[in-house]
Amino acid sequence: MAFVDDLMDRSRVSSAIPGARFMRSVDDLVAARDEAPASTRAADIDVVVIDLARYLDAVGAIRATLPGATLIGFAPHVDGHARDESRSGTDVVMPRSKFFHDVRAAVGYS
């Protein structure tokens, strides 16, 4: 799952991770989670990528919706608040340049 709105960024995520699904709200995330068969829900959504420049305020709700998922955020270098995992609520935060240098590695996709 990815909370990424920018079309260029979405394209880069899609090309690196086939099957990535893009969300625009926590309600979209809940619907996607609930439409998966109960036996595979936890396995289907194990990583959520979040553009912290746009979705920083949604991190708490994303965490509450998917408590077992790894939340990976990216933010501009200049946004010190969003880049701090303890303040943003994500598991990992990286500068957007590092994230997009190798998206597959950033999310642990093999």
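Arginine 21 is partly exposed, with a relative accessible area of 36%. Here buried means under 20% relative accessible area, exposed means over 50%, and partly exposed lies in between (1.4 Å probe, protein chains only). The model is predicted: local features need pLDDT of at least 70, side-chain atom pairs count only at pLDDT 80 or more, and totals for chains, interfaces and linings use all residues. Residues are numbered from 1 along each chain as its sequence is written, and side-chain values use heavy atoms, with hydrogens and water left out.

**Salt bridges**

Arginine 21 meets the side chain of glutamate 35 in a salt bridge, at 3.0 Å from N to O. A salt bridge is a side-chain nitrogen of Lys or Arg within 4 Å of a carboxyl oxygen of Asp or Glu. This pair links distant parts of the chain: glutamate 35 lies in helix H2, arginine 21 in the loop between H1 and H2, 14 residues apart. Helices (H or I, at least four residues) and strands (E, at least two) are DSSP runs, numbered from the N terminus. Glutamate 35 is exposed, at 54% relative accessible area.

How many salt bridges does a search of the whole structure find? The search finds six. The table gives three of them.

| Aspartate 5 | Arginine 24 | 3.1 Å |

Aspartate 5 forms its salt bridge with arginine 24. That pair also links distant parts of the chain: aspartate 5 sits in the loop between S1 and helix H1 (7–16), and arginine 24 in the loop between H1 and helix H2 (26–35), 19 residues apart. Aspartate 5 is buried, with a relative accessible area of 17%. A network of salt bridges links Asp5, Arg24 and Arg54.

Aspartate 34 is partly exposed at 38%. Arginine 33 is partly exposed too, at 23%.

**The sheet**

Four strands form an open sheet in the order S1-S2-S3-S4, with parallel pairing. Strand S1 (2–3) and strand S4 (92–95) stand at the edges, each with a single partner strand, so one side of each has no neighbour in the sheet. Two strands pair if DSSP finds at least two bridges between them.

S1 and strand S2 (residues 47–51) pair over two bridges. Alanine 2 stands opposite valine 49, and phenylalanine 3 has isoleucine 50 as its bridge partner. S2 also pairs with strand S3 (residues 70–75), in the parallel sense, over five bridges. There, aspartate 51 stands opposite phenylalanine 74. S2 is mostly covered, with four of its five residues buried.

**Helix H1**

Which residues of H1 are buried? They are Asp9, Val13 and Ala16. These residues cover an arc of only 70° around the axis, so they lie on the same side of H1. The arc is that of the directions from the helix axis to the C-beta atoms. An α-helix has 3.6 residues a turn, so residues three or four places apart point the same way.

The buried residues of H1 pack against S3, helix H7 (96–101) and helix H8 (103–106). Contact means heavy atoms within 4.5 Å. The face turned away from the buried side carries the exposed residues Leu7, Met8 and Ser15.

Aspartate 6 caps the N-terminal end of H1, with a side-chain oxygen 3.1 Å from the backbone nitrogen of methionine 8.

Definitions and conventions: A polar contact is a pair of N or O atoms within 3.5 Å; within protein, one must be able to donate a hydrogen and the other to accept it, and residues adjacent in sequence count only if both atoms are side-chain atoms.
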